[in-house]
Amino acid sequence: MSETWQESPEHGELQRLVDLLFATEKRADRLDALVLAQSHDLSEDLVEVVSLLPPMGLTRSQFCDQINSTLAAHGWGRRYGIVS
């Protein structure tokens, strides 16, 4: 039986979140990301991904590594899109 996946309507939303967070800042933390995710009405799955970030300031590269790692662990990379 082959596994099928479907791209979510929210595919790319995490990339937009990253772009907004780092538009003017060099570092962002979990709280900044959670507030922005919730204010943009992201799904529970995406808010969960953001909530798993470590509670410290992260550079864009570190932030993306953490998000992509969580997406991979859940098997959601293709569904929601990876971030850079």
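Student: What should be kept in mind about the model and its numbering?

Tutor: The model is predicted, so local features need pLDDT of at least 70 and side-chain atom pairs count only at pLDDT 80 or more, while totals for chains, interfaces and linings use all residues. Residues are numbered from 1 along each chain as its sequence is written, and side-chain values use heavy atoms, with hydrogens and water left out.

Student: How is a pair of aromatic rings described?

Tutor: By the distance of the centres and the angle of the planes. Rings of Phe, Tyr and Trp (its six-membered ring) pair if their centres lie within 6.5 Å; planes under 30 degrees apart are stacked, over 60 edge-to-face, and the rest tilted.

Student: How many aromatic pairs does this rule give?

Tutor: The count is two. One is Phe 22 with Phe 63, edge-to-face, at 5.5 Å centre to centre and 70° between the planes. Phe 22 lies in the loop between α1 (13-21) and β1 (27-28) and Phe 63 in helix α4 (residues 60-74), so this pair ties together parts that are 41 residues apart in sequence. Helices (H or I, at least four residues) and strands (E, at least two) are DSSP runs, numbered from the N terminus.

Student: Are Phe 22 and Phe 63 buried or exposed?

Tutor: Buried means under 20% relative accessible area, exposed over 50%, and partly exposed in between (1.4 Å probe, protein chains only). Phe 22 has 10% relative accessibility and counts as buried; Phe 63, at 0%, is buried too.

Student: What is the geometry of the pair Trp 76 and Tyr 80?

Tutor: The ring centres of Trp 76 and Tyr 80 are 5.7 Å apart and the planes stand at 85°, so the pair is edge-to-face. Both residues are buried.

Student: How many salt bridges does a search of the whole structure find?

Tutor: A salt bridge is a side-chain nitrogen of Lys or Arg within 4 Å of a carboxyl oxygen of Asp or Glu. The search finds two. In one, the closest N and O atoms of Arg 16 and Glu 13 are 2.9 Å apart. Both residues lie in helix α1, three residues apart, about one turn of the helix. Arg 16 is partly exposed at 43% relative accessibility, as is Glu 13 at 22%.

Student: Where do Arg 60 and Asp 19 lie?

Tutor: Arg 60 and Asp 19 form a salt bridge at 2.6 Å, N to O. Arg 60 is in helix α4 and Asp 19 in helix α1, so the pair ties together parts that are 41 residues apart in sequence. Arg 60 is partly exposed, with a relative accessible area of 28%; Asp 19 is partly exposed at 36%.
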